[in-house]
Amino acid sequence: MIEFQNVAKSYKSKTVLKGVSLTVQTGELVALIGASGCGKTTLLKTVNRLGPADSGEILLDGRPVSQLPLAALRRGIGYVVQDGGLFPHLTVEENLELVLKNAKVPAAGRTARAAELLQMVELQPDEYRMLYPCQLSGGQRQRVGVARAFAADPALILMDEPFSALDPLTRAELQDTLAALQRHTGKTILFVTHDMDEAVKLAQRICFLENGRVVQYDTPENVLRSPADGYVADFVGKNRLWGNPEFIKARDIMKKNPSRISRGRSVLQALQVMNHSGVDSVLVTRAGQLEGVVWLADLQKFKDYRAPLDNFISQDYVSVYEDTSLQKIIDTIDYNISGVIPVLSHKGELLGYLTKSILLATLSKQYETPETQSERSGVI
Amino acid sequence: MTLNTLWTAFLDRRGEIWELFLQHVDLSTMAVLLSLLIGVPLGLLITKNRPAAAAVIGLANVLQSIPSLALLAFLVPFIGIGEKPAILMVVLYALLPIIKNTYTGITSIDPKLLEAADGIGLTRLQRLFRVELPMAMPFLMAGVRISAVGAVGTVTIAAFAGAKGLGWLISLGLNGNDPNLVLLGAIPASILALLVDLVLSTLEKGVTAEGLKSPEKIVLRSRAQKRRRALVAAALCTVLLTVPVGSAAAGALDASQKRITVGTSNFTEAIVLGYIYETLIEENTDIQVEERFNLNGSPLSFSALERGDIDMFTDYTGIAGPILLGLPTETDTQKVYDDVARLMRDEHGVAVSAPLGFSNEYVISASPEAAASYGLDTLSDLVDNAQFLRFGCTTAFTQREDCLPKMESQFGIHFKEVVGLEGNIRYQAIDSGEVDVTDAYSTDAMTVKVKLIPLTDDLGFFPPYQAINLARQDTLDRYPELVPLLARLEGGITTEEMARMNYEVDVEGKNPKDVAVAFLTGKGLI
């Protein structure tokens, strides 16, 4: 656990950190994000004292970092910088061993551990261990950089914009690797980035810094959903939420007041409701609870309009709970499904409904810009 | 001069050349080693402070721009003669590339990498040795290479301060107007420079981490191969270091032995005399004699004597009086000798021997053609005809108060032209008719060879130049057996004998040491 307590720092006359307080739980990956100059990297470096805090304290599992011997402190913290920070005169293996040796791993175990680390970051040890950094691609270098940070098995890893120099495809791959590693090892990771997508993808919590102050510290979902202020909102961007279907719940996009009818009515009445609303189905409820669906197609074949509806109530439908994520809905529903998808509370109350077209409209929102929205009202 | 005579000269002196070659290697290595010891830490230190870096590199640049001979002349009064000033001079020249390249090598490392090194918990020293130095190594080695090649060149200058090395041959050759000797010093020195460049560039490649090369040049090696290469490099370095360190240690061990140092100025006669004294002492006592020959002139030799860098050297009363002791110029032979001997003994603790027998006076000499045309026979004739004559003389003669300036003030002599020429070049100039008159010496070999007409000093103008030996009194006290031994040379060498010996060396190309031995043998002194 890291606790920042009122951490302040200035360079010459410029105050970079103005009393930052923040707690990172053990095993959590926290992204520090903000515009350049907001103090995110400065905050990161106060932890391993590459740029010690002027005032305030940082506690690592309760122990103030300012009291720990410098080399020991740093050996207990993994550190990844942009482009890996590998030493060009050492091979991949030697780069890893430098840390292992410092961590007092006996010589005999180092080679095996280095191989294990390479495997961890999805590099074939035999193929890569003898190579020099200049012989690797940027992504491979950064994988080794990540491996090096994990080498001494530190409780905490600091990452300073580790993937920002990579091309988008490689970046995505490395993010996946890191996410898997973090899930798997349960390391506490403090991660500086200026890429909101990256923060949302990797972090359990996101800390927004603005001019050396924390403006919002919350889960990605909450940050996307309710930005603390205009700065965060601008950073998050209007459409960001729509690009992250896992944070969109059924209740966010459902249509309320679905066409409903009670069990005791006739076929004609049901047809009238459908006709009135221009839909091809009607939901049958009793005391707010969903009992089934009546499909227009089933009624059309039947000519006795006064017959009770009872015989036509179908259980052949998919319903979702109000807090089911859009991601899950898309993943689970059949592509061939047509018609209404009722949205229920966990108590079975009918709250609203979704249709395929609502889902499509939602998914397309992430590509919308204000311009495309205004065009829609014109003649196409 | 033909290749043939060069080859013969080489065969004659190959043992000596090899020895000088080794001494040259020795001096150069020692100097580069010292430069490394000073330059690398200094270069590292100034990486932390930019203004200091500018100051240090600026100073090293200034040192570099001082002509080496001038620097040497400047150093000698402070630290004496021999290897010490030579090495110091070479070090001062070798420092700049090492400081500069260390500084550049370290400061050119990406600061992000240094941060990464700190970040992963390397201590300052670990960072220096595991990251900074290995990464700066290619720069550093390039600096060492520039320094070492430069040092090989600068060491040749060291001969002018009495240090040995190949410069000794060059300086001997220049003094004796013997181009063969110059080449015998210069060619091995050039070969040595190329060799040093080759060895160090190989070493440079060897110690440069593969990862710092461009990717297509990288050779991947296993751990065992790397270890083997490191071992070879270490062995190579050890060999390079063993030479100077070993010889320095040997020198230190030797210090317990009885030893004296004989010095000489840088002309043939002085050197022959040096060998005569050296051989005489070595053959008749158990004292080991060290040579500090070829010192650049009398004042330098005298200051070396006073500092104790040398124990004895031969000089002339006419120089010791006015030049070394600042006495007024006298022409009374006995008075000059008495004054010199007394002042040397009383004020400088230097024992002056009785005159060795010969004198090496200035004899203004004319070419046979000029002598015939102007009827030159005496100094008076010269004064009368000076306006028609071109005078080619040593620069010392133009500068010394008792020479040309005195001639001008006393007789109003005014030559048609005065050309400053060094050593035996004067004889070439007069032989080829470029000048008409020169300042020859009475024992000079070349006067015989080019058949000059000596002009009689009918004006009593020149002071006497009796040869004498100057020895430190404390040395004679320490080795009293030297006193009767050295006395055996007093009055023992005639002007003719000395001129003959000079002729053998300068004209016949004999080795001065052989000439000295032959002389002593002939006299039954050894």
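How far apart do the C-alpha centres of domain 1 of chain B and domain 3 of chain B lie?

Author: The C-alpha centres of these two domains of chain B lie 47 Å apart. This is a predicted model, in which local features need pLDDT of at least 70 and side-chain atom pairs count only at pLDDT 80 or more, while totals for chains, interfaces and linings use all residues. Residues are numbered from 1 along each chain as its sequence is written, and chains are lettered from A and ligands numbered from 1 in the order in which they are written.

Chain B is divided into domain 1 (8–253), domain 2 (259–359 + 465–522) and domain 3 (362–454); the bounds come from an automatic or database domain assignment.

Chain B also has an open sheet of five strands, in the order β7-β6-β8-β5-β9 and with mixed pairing. Strands here are DSSP runs (E, at least two residues), numbered from the N terminus, and two of them pair if DSSP finds at least two bridges between them. β7 (417–420) and β9 (453–454) of chain B stand at the edges; each has a single partner strand, so one side of each is left without a neighbour in the sheet. Strand β5 (residues 362–366) of chain B pairs with strand β8 (residues 437–441) of chain B in the antiparallel sense, over five bridges. Within this pairing, Tyr362(B) stands opposite Tyr441(B) of β8(B).

For comparison, chain A is divided into domain 1 (2–246) and domain 2 (250–363), and the C-alpha centres of these domains of chain A lie 48 Å apart.

Key. Helices (H or I, at least four residues) and strands (E, at least two) are DSSP runs, numbered from the N terminus.
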